[in-house]
Amino acid sequence: MNINTVSPHLPDGVTTGTPVLHVVRVDIALEHEGAFNHWYDTVHLPALLACPGWLSARRFVSLEDGPKYCAIYEVAGDWVYDTPEFHAVKGFMEFTPHVSNFYRQRLAPLQRAT
């Protein structure tokens, strides 16, 4: 599974600066996996990418240990977590009771001395 989508949606007067990565890893109960993946790809990702500052998204499946599913988002900065649009769509909605091994991590670009 590999979804790659880009959204240039930023509020007026906001510049991106240096975007950061927002990584989410989860497992989903096997009996809900098909419905979860359909919801994630057709509802959740488009809803997040419609939020200000959510620039791109891509999903992956693990080839090794750890949570099976991974979504990597590029976001414009910490302010993206404080918008009403994000608060309306964050979370796993009806799948919350079936999600386990949830991990979230934010990554900034490595700044190297020149």
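Predicted model: local features only at pLDDT ≥ 70, side-chain atom pairs only at ≥ 80, totals over all residues.
Residues are numbered from 1 along each chain as its sequence is written. Local features need pLDDT of at least 70, side-chain atom pairs count only at pLDDT 80 or more, totals for chains, interfaces and linings use all residues, and side-chain values use heavy atoms, with hydrogens and water left out.

The largest nonpolar core has 26 residues. Such a core is a set of buried Ala, Val, Leu, Ile, Met, Phe, Trp, Tyr and Cys residues joined through side-chain atoms within 4.5 Å. Buried means under 20% relative accessible area (1.4 Å probe, protein chains only). Val26, Phe36, Tyr40, Trp54, Tyr73, Val75 and Phe92 have the most contacts inside the core. Two or more residues come from each of β2, α1, β3 (54-61), β4 and α2 (84-89). Helices (H or I, at least four residues) and strands (E, at least two) are DSSP runs, numbered from the N terminus. The largest share, 6 residues, belongs to α1. In soluble globular proteins, nonpolar side chains tend to be buried together.

Phe36 touches Val26, Ile28, Arg59, Phe92, Phe95 and Val99, leaving aside residues up to four places away in sequence. Contact here means heavy atoms within 4.5 Å.

Cys51 has a relative accessible area of 1%, and Cys70 has one of 14%. The disulfide count is 0, a disulfide being a pair of cysteine sulfur atoms within 2.5 Å.

The structure holds 1 cavity of 30 Å³ or more. On a 1 Å grid over the protein atoms alone, a cavity is a set of points where a 1.4 Å probe fits but cannot get out; a pocket is an open set with protein on both sides within 12 Å along at least five of seven lines; lining residues have an atom within 4 Å of a point. Points are joined across faces, edges and corners, and a volume is the space filled by probe spheres set on them. The largest cavity has a volume of about 40 Å³. Its lining includes Phe36, Tyr40, Arg59, Cys70 and Phe92. β2 (20-28), α1 (33-49) and β4 (69-75) each supply at least two lining residues.

The largest pocket has a volume of about 200 Å³. The pocket is lined by 14 residues, with His22, Val24, Phe86, Lys90 and Gly91 nearest its centre. β2, α1 and β5 (99-107) each give two or more lining residues. α1 gives the most, with 3.

Methods
Buried < 20%, exposed > 50% of the residue type's maximum accessible area, 1.4 Å probe, protein only.
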